[in-house]
Amino acid sequence: MKLHQLPLFLLGLLFGMCALAQSTPQPNAQVMLQASDAVRNPDKPFGVTVTLIEYRGGKQTDTSTLGSYAKSDARSGQFRTLIRFVAPARDEGKLMLKNGNDFWFYDPASRASVRLSPQQRLMGQASNGDVVTVNLAKDYQAKIGLEEEIADGNRQMRRSTRLDLSASSPEASYNRIELWVDSANNQPLKARFFSESERLLKTVYYRRYQPQLGKERPTEMVIIDGLDPKWVTVMRYSDFVYRDVPEVWLQRDYLPNFKPE
C-alpha cells in the first residue's frame with residue numbers, strides 16, 4: 001500500500017510518532033560526564049584521607065595512608081592536588097603535587113623535587129594519576145555507548161549508560177576510558193582504562209556510596225589489574241572536609257616548607 005492510500009488516522013499517528021522521536025532529547029554524553037564528576041568531587045576546596053590496600057591472591061601485601069588537599073583552578077576548571085604521605089613511617093612527610101601538566105614528588109630526606117608521570121604506579125594498581133582529584137570532563141571527550149544492565153561493585157544489577165572517553169588534553173592520564181554511569185543519577189559504577197596500544201590496564205569499581213559534603217559519593221574504589229585479576233588495590237576515602245587550600249601549597253617551590261595545619 002502506498003503512503004497516500006493509508007487511512008487518515010494512520011497517517012496522523014505515523015507523523016505524530018516521527019515528530020515525537022525527533023523532539024525527544026537525546027542524552028548528552030559530555031553533560032553526563034560532568035554530572036559524574038560532580039558525584040565524585042566536591043565543588044569547593046576540600047581535604048580527604050586516602051587509604052590504599054594492596055591484595056595479591058586474596059592476601060593483603062601492603063598498605064599506605066595519604067592526606068589529600070584539592071582545589072579547582074579558576075582558569076582550567078581542573079583540580080590541583082597536594083598529596084601528603086602519612087603512613088607507613090618510612091614514607092611519612094613525603095609529598096606529591098599535581099598542578100596543571102606537572103607532577104612533582106618531594107622527599108624531605110633529600111629536599112629534592114623530582115618530576116613524575118601520572119601513569120607511574122604509586123602502590124599496587126593505583127597510579128599517581130589515580131590518587132589525585134580529577135575532573136574527567138576537562139581531559140576527555142565523551143560519546144554515548146551502550147545502555148545495559150551491569151553488576152556494580154556490590155554485585156547489584158544497575159541500569160547503566162556506557163560513556164566512551166577519548167583523551168582531549170595533554171593532562172589526561174589515560175588514552176581511553178570506558179565509564180559506566182547509572183542511567184538515572186549519573187553515579188559512576190565501573191570504568192576500564194586503556195593504554196595507547198589499546199591494552200587494558202585496569203578495571204575500577206566505584207562503590208560504598210555515602211553522604212559526604214552534601215552528596216552521595218563513592219567512598220571506595222576497587223582497582224583490578226588488566227592482566228592479573230588476582231592483583232587488586234582498594235582505595236578508601238574518609239574524613240571528607242571542606243577546607244582552605246592556600247595557593248602557596250600548590251607551588252613546587254613551597255614543598256620544602258609545607259607543614260600540615
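**Close-up views of a predicted chain**

**View 1. Leu 179 and its surroundings.** Not counting residues up to four places away in sequence, Leu 179 touches Leu 33, Ser 36, Leu 136, Thr 161, Arg 162, Leu 163, Leu 165, Pro 188, Lys 190, Ala 191 and Tyr 206; a contact here means heavy atoms within 4.5 Å. This is a predicted model, in which local features need pLDDT of at least 70 and side-chain atom pairs count only at pLDDT 80 or more, while totals for chains, interfaces and linings use all residues. Residues are numbered from 1 along each chain as its sequence is written, and side-chain values use heavy atoms, with hydrogens and water left out. Leu 179 also belongs to the largest nonpolar core, which has 43 residues; Leu 179, Leu 165, Ile 177 and Met 235 touch the most other members. A nonpolar core is a set of buried Ala, Val, Leu, Ile, Met, Phe, Trp, Tyr and Cys residues joined through side-chain atoms within 4.5 Å. Another core lies apart from this one, with eleven residues, among them Tyr 69, Leu 97, Leu 250 and Phe 258. In soluble globular proteins, nonpolar side chains tend to be buried together.

**View 2. Val 131 in its helix.** Look for Val 131 in helix α3, residues 128-131; helices (H or I, at least four residues) and strands (E, at least two) are DSSP runs, numbered from the N terminus. Is Val 131 buried or exposed? Val 131 has a relative accessible area of 4%, so it is buried (buried means under 20%, exposed over 50%, partly exposed in between, with a 1.4 Å probe and protein chains only). Leaving aside neighbours within four places in sequence, Val 131 is in contact with Leu 52, Leu 66, Ile 83, Met 96, Leu 122 and Met 235.

View 3. One cavity of 30 Å³ or more is counted, and about 430 Å³ of space lies in the largest cavity. On a 1 Å grid over the protein atoms alone, a cavity is a set of points where a 1.4 Å probe fits but cannot get out, and a pocket is an open set with protein on both sides within 12 Å along at least five of seven lines; lining residues have an atom within 4 Å of a point. Grid points are joined across faces, edges and corners, and a volume is the space filled by probe spheres set on the points. Of the 26 residues that line the largest cavity, Arg 40, Asp 130, Val 132, Val 134 and Tyr 237 lie nearest its centre.

**View 4. The largest pocket.** Here the volume is about 160 Å³. Which residues line the largest pocket? They are Ala 151, Asp 152, Gly 153, Arg 155, Tyr 205, Arg 207, Val 222 and Ile 224. Strands β13 (200-212) and β14 (215-225) each supply at least two residues of this lining.

View 5. Most residues other than glycine have a negative phi, and most peptide bonds are trans. The peptide bond from Ala 87 to Pro 88 is cis, with omega near 5°, and Pro 88 sits in the loop between β3 (79-87) and β4 (95-99). Glu 198 is not a glycine, yet has a positive phi of about 70°; its place is the loop between β12 (188-194) and β13. Leu 213, in the loop between β13 and β14, has a positive phi near 50°.
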